[in-house]
Amino acid sequence: MNKKVKTCWVLTLGIPGMDNQSLGLAQALGLEVEQKRICLTWLWWHLPSRFCFSPLRFLGPGSSDFSPPWPDVVIGTGRRTVAVALAIKKASGGKTFNIRIQDPYYAYDKFDVIVAPRHDGLSGPNILNSIGGLHTITPARLKLAAEHFAQQFADLPRPLVAVMVGGSNKCYRMTAQIGRQLGARLAALSKETGAGILLTTSRRTDAEVEAVLREELSDTPSFIWDGSGENPYLGFLSLADAILVTADSVNMVSEACTTGKPVYVIELDGGSDKFNRFHQIMQSEGYTRPFRGKLENWTYTPLDDVGNAAREIGRRLNLKANSKID
């Protein structure tokens with residue numbers, strides 16, 4: 001990229017799983033980032049994006065100011081930011097470089113680059129296929145987290161097994177029964193291998209699921225984050241010898257695979273064609289294996305979807321800048 005740092009608006013709906021994908025890519029590109037909050041009115045929230053005419057005029061209270069000067073780059077993730085991104089590019093006279101993360105579901109040719117996971121099945125000259133989801137995790141952040149949390153978990157036995165528990169969504173069900181079975185398997189794994197357990201739940205985890213996990217692991221050397229104090233998530237990833245992740249989250253699986261450590265996927269009830277394709281790809285590429293109650297050891301090159309996308313997009317931004325100079 002040129003020496004002058006390019007300005008970038010990252011469109012945000014206040015959903016961390018979405019926002020972090022845009023922020024991670026913007027940071028990897030070395031852009032001067034300004035987050036722009038979008039608060040959709042009830043009408044725009046329920047209408048398909050293609051019917052959101054003049055979206056910059058009809059944003060809800062609490063939205064950021066969307067007025068010139070327009071940014072060099074705009075990045076958004078998910079369908080709900082598509083109409084705004086297209087409006088910004090149009091208002092800039094086509095000068096704003098429009099980057100879309102995930103399938104926009106329409107107007108594919110209006111984006112300079114679409115970064116979509118391979119399991120979405122998109123292809124074309126402006127499509128960059130990642131293997132998993134994008135995020136803000138970097139080797140530098142993991143190194144700092146390892147140093148920061150090492151003492152806190154020093155008394156737990158090795159190997160350390162990090163367990164990332166999600167919850168029910170449109171495709172999967174995480175029931176109390178599954179939680180109890182998982183807790184029992186983790187307790188048995190610890191007894192067999194001497195492992196210490198680092199476990200965190202998520203915003204989607206039912207209280208009943210968390211309760212049965214705590215019950216099953218009550219006699220197991222473990223640390224279960226209760227949501228208070230500093231979030232140890234990066235510490236878990238950086239210090240663990242193996243990582244277990246429930247199948248409901250592409251993002252959590254992708255983030256775990258940036259470590260280069262064995263990553264096991266905990267199967268849940270349900271699924272979908274897209275999720276199934278994602279997990280099949282991750283297994284066939286050697287990143288993950290299904291959790292069967294045992295620990296194995298394998299190696300792979302850490303997943304670097306963010307870096308790969310940033311390098312190619314940086315090249316295209318340079319080409320665009322040089323074509324203007326010519």
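Predicted model: local features only at pLDDT ≥ 70, side-chain atom pairs only at ≥ 80, totals over all residues.
For a residue-level view of β9, I looked up Thr200 and found Met164 standing opposite.

I then turned to strand β10 (residues 222-224), which also pairs with β9 in the parallel sense, over 3 bridges. Here I noted Phe223 in β10 as the bridge partner of Leu198.

Next I checked how covered β9 is. I found 5 of its 5 residues buried. Gly196, Leu198 and Thr200 point one way from the strand, Ile197 and Leu199 point the other way, and all are buried. I set this beside the general rule that side chains in a regular strand alternate between the two faces of the sheet.

Which residues of α6 are buried? I listed Val209, Glu210, Val212 and Leu213. Viewed down the axis of α6, these buried residues fall within an arc of 165°, so they line one face of the helix. I recalled that an α-helix has 3.6 residues a turn, so residues three or four places apart point the same way.

What do the buried residues of α6 pack against? I found that they pack against α5 (176-193) and β9 (196-200). On the face of α6 turned away from its buried side, I noted the exposed residues Ala207 and Glu208.

Methods: Residues numbered from 1 in each chain as written. Heavy atoms only, no water. Buried < 20%, exposed > 50% of the residue type's maximum accessible area, 1.4 Å probe, protein only. Helix = DSSP H or I, 4+ residues; strand = E, 2+ residues; numbered from the N terminus. Arc of directions from axis to C-beta. Contact = heavy atoms within 4.5 Å. Pairing = 2+ DSSP bridges.
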